[in-house]
Amino acid sequence: MKMRTKKCTRFQLFLLIVSILTLAVGCSQKRTKPPQLGLAPAVHDEMQQRLAQPYDELFDAAPDLKLSPSDLEAMRKHVRESQDYCTTNAKAAAKKFETQTDDRLAELKRLGNKIEEGKRHDLHCQIQDLRSAKAQADVLTQQLIPVAFDNSRAKIELLEKWPSDFRSIQAEIKSETYLTRRWSNVNEIGFRDMEKDQKDDIKRGQDAVRELQQQSAMPPELDNKAIQDYVNTVALRIAGNSDLLIPLKVVVLDSKEVNAFALPGGFLFVQRGLLEAADDESELAGVLAHEMSHIAARHGYKLMKKAMISSIFYQAAQVAAIVLTGGVGGVGTYYALQYGFYGLGFALNLNLLGVNRDYEIEADQLGIQYAWKTGYDPGGFIRFFDKMASKEGNVVGASWFRTHPVFYDRMVRAKREISFLPKKEQAILQTTAFEEMKKLLKQQVVKSNSEQDKKRPTLLTGGEQGCAATKKLYKDTDSIEAICAQFAEPLPSAGR
Ligand SMILES: [Zn+2]
């Protein structure tokens with residue numbers, strides 16, 4: 001008997017993953033009515049307010065709140081049902097846009113050669129607009145809604161668990177058992193046995209960067225030497241106080257996305273939006289130190305090694321392939337990328353970035369140590385994280401939270417590490433160099449925005465020319481509550 005081993009192509013594997021994901025999403029409940037309050041209105045309102053508060057404030061408030069287990073459970077149920085309701089509505093919207101697209105495609109087919117040019121153009125523009133609307137609804141279902149509700153869940157867990165976790169941290173300090181935690185030897189930073197073969201990742205990182213550039217997916221570099229120099233200076237200062245044993249290459253990209261990421265081998269990319277969102281140098285330092293930790297601890301390498309599809313660096317390449325081969329599945333994502341609803345943070349392979357729960361916790365710990373050793377207030381990273389979870393709109397934060405997933409353990413472990421580090425007098429929060437950079441950035445953003453359309457990364461060119469600008473279903477600064485409410489009402493008629 002002849003045994004035949006079937007080797008899957010990357011494309012088949014990709015389709016398999018897509019179908020698994022679709023199944024997973026499809027399994028969530030279908031809730032068509034708004035959820036009822038499971039709590040007395042006053043208790044519910046107070047809890048809602050708490051969930052809108054920054055993590056830092058909740059750490060302080062939690063011990064005095066005395067919430068009952070049944071209150072917490074009712075709130076958890078409410079969050080779950082709200083998420084299901086919002087997802088159901090967003091999916092219905094996506095379906096409607098899809099049906100409308102199909103109707104117009106059928107009309108084009110029906111009219112065939114008899115169609116008048118103006119009518120054809122009009123239908124093409126409508127289809128383009130509807131596909132874009134569908135892509136936006138898909139982004140909402142798959143990215144924005146889960147992220148927003150993950151934050152609520154993490155905050156409920158904080159209210160529930162922090163009082164006892166706080167006591168155990170105090171006990172660890174008192175008994176000095178904290179001195180035996182992993183990476184406790186902070187006086188040996190740069191000389192401890194972390195990952196000696198960091199240099200082996202350099203080629204891997206270079207390949208990934210090249211692939212991104214070849215796909216035209218990498219936003220352009222920010223055309224401002226002073227800002228590039230400033231970010232480099234801060235990053236290199238931290239690198240000198242880290243476990244990094246290879247040179248660091250730091251580039252600021254001209255993209256409004258609020259994110260930064262490190263590729264294996266010492267490549268650190270900071271997006272312009274992150275500089276806009278940061279309010280002081282310790283926040284920027286916290287993010288840079290976190291990303292550097294992924295490089296030093298070789299998280300990308302370790303995950304790529306374990307990953308089933310080790311050679312896929314970049315999802316957008318798959319998307320482009322699907323579009324080129326005429327598959328319909330990728331069209332929505334293609335439009336999302338094309339019109340900037342997705343940023344790089346959505347397209348990058350999380351394995352390549354070294355993102356999983358354990359590695360995020362480790363990178364938080366190491367990053368906090370590096371920022372601290374450089375002389376910064378080590379709370380910068382948490383403060384920045386918190387800002388993304390609280391003040392910024394959900395759309396703005398979605399890319400950040402895809403590559404920096406939020407969960408209770410992460411917040412508490414970061415808080416814990418800070419409380420174990422020896423306090424430094426005069427830890428740096430703000431510098432005049434940072435403030436100078438912000439002034440330059442303001443002018444630069446005006447300039448960049450006016451040139452944005454020319455610079456937007458595109459996977460493919462083409463499409464119908466001369467249509468009105470594509471409509472946005474939601475603004476970058478909208479909260480998830482506002483977006484969900486909008487989708488619960490009669491849907492806006494896109495494509496008209
Ligand atoms: Zn990370």
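1. The crossing of α7 and α9 is right-handed; that label applies when the near helix is turned clockwise from the far one by less than a right angle, and left-handed when anticlockwise. This is a predicted model, where local features need pLDDT of at least 70, side-chain atom pairs count only at pLDDT 80 or more, and totals for chains, interfaces and linings use all residues. Residues are numbered from 1 along each chain as its sequence is written.

2. Now the geometry of that pair. Helix α7 spans residues 225-239 and helix α9 residues 281-296; their axes come within 10 Å and cross at roughly 55 degrees. Axes here are lines fitted to C-alpha atoms over the stretch in contact, with angles from 0 to 180 degrees between N-to-C directions. So α7 is oblique to α9 (under 35 degrees is roughly parallel, over 145 roughly antiparallel, 65 to 115 roughly perpendicular, the rest oblique).

3. Who touches whom? From α7 it's Val234, Ala235, Ile238 and Ala239, and from α9 it's Glu281, Leu284, Ala285, Leu288, Ala289 and Met292. Contact means C-beta atoms, placed from the backbone, within 7 Å.

4. Lys442 sits in helix α19, residues 432-455. Glu276 is 166 residues from Lys442 in sequence, yet their C-alpha atoms are 8.2 Å apart.

5. Overall, the protein has 20 helices and 3 strands, taken as DSSP runs numbered from the N terminus (helices H or I, at least four residues; strands E, at least two). Of its 496 residues, 43% count as buried.

Note on methods
Buried ≥ 20, exposed ≤ 12 C-beta atoms within 10 Å, placed from the backbone. Contact = placed C-beta atoms within 7 Å.
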